[in-house]
Structure formats: C-alpha cells, structure tokens
Amino acid sequence: MEMKVLKDTKILPDPYYEYLDELRDSSLPIVFDNGAWCCRVGWASCEKPNLIFKNLIAKPRKERGKKDGETQVGNDISNIEAVRFQLKTQFDKNVVTHYDIQEQIFDYAFSHLSINTEGNVNHPIVLTEPFLNPNYSRSLMSELLFECYQVPSVCYGIDSLFSYQYNGWEGQSGVIISCGYQCTHVIPVINGCIDASKAKRIDLGGFSVIHHLHKLLQLKYPSHINSITPSRSEELLWDYGFVATDYREHLRKWLDAEFYDSNVVKVQLPYAVPVPNLTTEQQKDRRKELAKKLVEMNAKKREERLVDDERHLNELLELREIVELTPSDHSHAREAFKSMGINNIQDLNKSINQLQQKIEKTKAKIIAYNNGEDLTEEPKAKLSKEIAVPESEAEFKAWLIETKKKRAYIIDKKNARKQRRQDLAKRRTAAAQERMRLISELARKEKRDDDFGMRDEDWDVYKVINKDAGDTDSEEEQERLIELEEILRQHDPEFTSLNQEQELSPKEANQLHIGVERMCGPECLFQPSMLGSIQAGISETLNFVLNSYPQHIAQSLANNIFVTGSLCQLPGFVERLNKDLLENRPFQSHFSVSLAENPELDAWSGARQFSLSENFHDFAVTQSDYQEKGGEFFRVHPCSNKFEPYPLVISLDEPIITNAEGDGEDTVILM
C-alpha cells in the first residue's frame, strides 16, 4: 500500500487588498460569515470571500527583558501548535461572548480590506449569527459595530438559512441539518418560515469529531503522543475520514486481514535519521569539532560576563568614592548598600577585590583565546569493567557458550514470569484455577488464630497465589542481562540481541496505521454515547423532529432534507442519513436528502446574494434605529431569527398605563 505523508501545510498570511476609489465612494456591503471556526469576509461584488481565516487570536508570552509580543490574528498564526495554549476565540460554543476578541477580528478584516477612512467604516455590514442568538449577544455586537466602527447599517441572518436560500429552497418546506464546528442544529422550515419551537440542537460538531479522533490515535500510539497533534488529526480526518453507512457491519469487515490490508491508511510521521556508526577517527574528529564550538560559545559568554562585571565594578568604585568623600555621613550610601546587598564598607572592599580578580582572570582567558591557544580538553573516556577473556581458542569457545547459557537462563526466567502473568489474567487457565483453589483452601481452613505467614514455607504459597506471579523482574537481573549481551556483542560477531531482533527501523517505528479510526471519529455524530454524552445523534434527532408533526406536514418536510456545513462533506454522510431515514420512516414513504452545492461557502454566498437584493436596505438596522430602539433590535427577513424584544419593565412607583382602546395588550413586568 502507498505510504501517505503528512502535509503539515504552512499557513500563508492574508494579503492586503487595494481600497479603490470606486469602493470608497460606494455603499457596497461587506459580508461577514462569522463562524465558530472560520471567518469568511469579502465585498458583496466578489463571487468568493476575499479573506478566509480561523477565528482565533494568539498573544505570545512576554519574554524577560522584552516588550509584550504582538497579538497574532487568523492566518498570521503560522504554526498553531506552537501557540496552542495561548489561543483564544470570541465564541463560547457557537455564541459570541468575548467582544474584545471580536473587535480584534474586525480590525484584522478591515485592515486587510485596506479600509482607511478615519474613525468609521462607511459600508453596510451583513453578519451571520447562530440560530436563536441571545438578544444580549446581538446587542453587544451592534454596540461594537455602531459605536466603535460607526457603520451606516447592519443586517443579521442565520448562516444555514442563507445557505438554504442560496440553493434555491426559498419559501419551501424542509428540514435543515446544519453541521457546525461546536454544535449541530436540526431546523424545520414550514413554507419558508422556521419553526423554532420544534428545532433541536446537538452539542456536537467538528470539534468533537477532531477531538475524538485525536484521542483514539494517541491511545493507539502512546509513543507518538506528541507527534499526533490536533492539527494533524484534523488533516487526517479531512483526507481519510468517512462516515460508515452501517457502522457495526463495517466493523466486522475490519476483522478480515485482507480487508484490513487493502483499506488501512499508512501515514509516515516526521522522524530524525539516526547518525550512522562512525569510526574511531571520525568520532575523535567529531569530538574535537564539538569541543571547538563549545569553546567559541564560552568565549562569547565570557565577553558578555566581562562587560557586566566591569559595569558592576564601576558602580562599586563610585560607591566607595562617595563614602570616602563623606566619611562622617553615610546616609547617601545606605540606600545603595541596601540595593546591592552590602552591609558595610568592609563588605564593599571585599566585593571590589573579588570582582577585580575575576575580571583579570577573564581577561587572561580572552587574551589566550585570541592568541590562538588551544583551550580544548579531550574528554576522558569512561573506564569499562575489565573482563577476563580466555586466551586459548578451546577455552574461549567454552567461555562463550557458558555466557550464552547464562543469558538464555535469564531470558527464560523473564519469559516464564511474563507468561504466568498472562495466564493469571485469564479466567480458565490452569494457573488461574490453581490459584483460586489455594485461596479457597486457605479460606476454608478452620482455626482460631490466623498464623499464615509465620512459617518460611508460607512464602512459597504466597508467591503462587500472588496476582503478580510472585517474583518480579529485578534491576540486578536486568543489569546482568545487559552486561552479558555487551560481552557477546564484542566477542561474538554472529550475536543478535533480543532488542535488535524485535527492533523496527526508524522509518517503520514512526508510521501510523489508521484503520477503524477513520470511521470511529465521525461516528460520534450519530452515536454521541461513544463520547459519554446522553444526547441523541443526528438521525435520532431528525426522526424526533419529523414525528413531532402531523403526518402530512412531516411528509412535506421529509421530502426536502437539506444538509449544510463543512462537516457534511465527509464521504458517506448523505448515504448514512438515507439509510437511517429508510429504517425510521413509515413503510413505502418518500424522503429526499440533498447536500448544499458548496457546504463550506454557501452561507457566505447566500448572505452576499441577499445583500445585493433590491429590498436589502429595508431589512438593515441603521444608526437611528440603534439609538432609538436599542442594540437587540433587528428587522426580520426570511433568513433571520425571529425578533423577540425584551419585556417592558416598569416600577411600582410609576402609574401603569393600559391600552384603553383595546387594540392590543401590553407586556408588563412589575419590579
């Protein structure tokens, strides 16, 4: 099978687009698809987003002696794994809660679009928001856009509904399955209007799938736990992951060796090529080269220390001069004494003398190094343990055979202990049954005093019934085995150690064989119990939503099941939904599952299409609307949430005004 190589794609910084005069003078909208993982930004006149970047920021840690690191946003983060613990996002699940981070995201987008108007952004904003976005979150978003950027108008809409409309289902009934990064929504749409009361949310999404696959691979390959990063798990998911049509049946297929060999994906991890065995002369030259580099590094550090020491010496000399000029008044020098950790004049003189001697020695070493004197010292070789080797050939062969026997005896003891541990772990082996028999006899033995362990022979019984199989591998035994193998390696050219027989090449040792993990990761969307969640999967939730309607409405919804979101691009996703619907829907009923044309970009394209419509400005919230009606206010349109204003709050001290004309009812909350 072909060996796959990890791409480890390096992220390229986003370009800065030119802010043309025709754009500056127009009121062309800017479309934001503000997703929990990726943000897609672009002018409404472009067919594709100008910017696509991850909704993340990273602020490097402050290093000693340096200023705070510059905050990196989106594609400016070239290596996410290097700053994994410093990443921040404005989202809590799929709702924006951290608006200081959201402001930096807006700054990043506007700066790369090269919008340079002072104090404001003179373009309408079309912004996607999550399904049933809280009023408080929308209010803060409007406050940020209107107060900070002085935008002329804002229009909010649901990303999945924009995608639904863009694919030509406007005004029709159906069910939208929106697979996001943090959660999945099942939204029924009746005659073009969402029915929020019957919609369901599953707190599983792309993050859950990537995290599950990441943990599976780390458990399978604990030796490569640092090499298997979340970014690489994400790459493996998109390149080789799939959704099994029948999960249990597909698991049985993996038991077949031929099926496994033909379907397993072998991925080569990066590894360092070991240094080949060098001759004695090469090792000597290498040591000299390393010693020379070490001397150069020490010389450089020595010069830096000399500068610091001379500066410190000048400070001490100035302090002593102050003391000598005013011998009767030391008040000026007390604070300096305290800051330098000096108690009195005697300590000051002592420190000056020691520092002068140190500087003289350092200067002597620097002069010696500059004159080319060799300061390198050949490292002393470790003295190995002397081994008496017979001189005659017959005695040498007998000695070699005896050494091999000693090694074989130790290995046999280790293998016997290992086998006994394995036998005791199984239920119906002879060793396990004998252990249980002895334990039962000890338990049945009738006596007043329990004196088991008082006799020496009781120790042998204990070793038999011990679950760790009695004796364990000792350090002395392991050291003796290593010593014998070293002897055989030096004097027997045909000797091969146990580790060498089982040792893999560095290339083979750094390979991942990805089999059932390819489908186990995405399967958690349909079986959340694999992650310990008590929620229902996508198929169960979809069936629950359909069954909550009368039969004729449920049938009209089932005829148009629309799937959108990046995650539904996995191979087999639509086939799995069709298979589960066939099992759950009534006999001989019809249903249809359709996939978005471009599940990843259709939300942005739908928002762009909406921003170019003739009645777009009728649904936008202007500055005057914001100031008059508050930040949570927005105008309802076919792709938006339903507007639910805050209830009216009045005080008991104020008179209650009722609707005298009787044309409606006022919602009142008494405080």
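Biologist: What makes up the lining of the second largest pocket by class?

Modeller: The lining has 10 nonpolar, six polar and five charged residues. Here Ala, Val, Leu, Ile, Met, Phe, Trp, Tyr, Cys and Pro count as nonpolar, Asp, Glu, Lys and Arg as charged, and the others, Gly among them, as polar. The model is predicted, with local features needing pLDDT of at least 70 and side-chain atom pairs pLDDT 80 or more, whereas totals for chains, interfaces and linings use all residues. Residues are numbered from 1 along each chain as its sequence is written, and side-chain values use heavy atoms, without hydrogens and water.

Biologist: Which residues lie nearest the centre of this second largest pocket, and how many line it?

Modeller: The second largest pocket is lined by 21 residues, and W37, R84, L87, Y181 and F207 lie nearest its centre. Its volume is about 460 Å³, a volume being the space filled by probe spheres set on grid points joined across faces, edges and corners. On a 1 Å grid over the protein atoms alone, a pocket is an open set with protein on both sides within 12 Å along at least five of seven lines, a cavity is a set of points where a 1.4 Å probe fits but cannot get out, and lining residues have an atom within 4 Å of a point.

Biologist: Which element gives the most to the lining of that pocket?

Modeller: Helix α5 gives the most, with six residues. Helices (H or I, at least four residues) and strands (E, at least two) are DSSP runs, numbered from the N terminus.

Biologist: How many cavities of 30 Å³ or more does the rule count?

Modeller: The count comes to two. The largest cavity holds about 90 Å³ of space; 13 residues line it, with V96, T128, E129, N133 and M141 nearest its centre. Strand β10 (125–129) and helix α3 each give two or more residues to this lining. The second largest cavity has a volume of about 40 Å³, and its lining includes L213, Y240 and R518. Helix α6 gives the most to that lining, with three residues.

Biologist: Why is the packing of α2 and α3 called oblique?

Modeller: Helix α2 (residues 99–112) and helix α3 (residues 135–148) pack at an angle of about 45 degrees, with their axes 11 Å apart. Angles under 35 degrees count as roughly parallel, over 145 as roughly antiparallel, 65 to 115 as roughly perpendicular and the rest as oblique, so α2 is oblique to α3.

Terms used: Axes fitted to C-alpha atoms, helices over the stretch in contact; angles between N-to-C directions.
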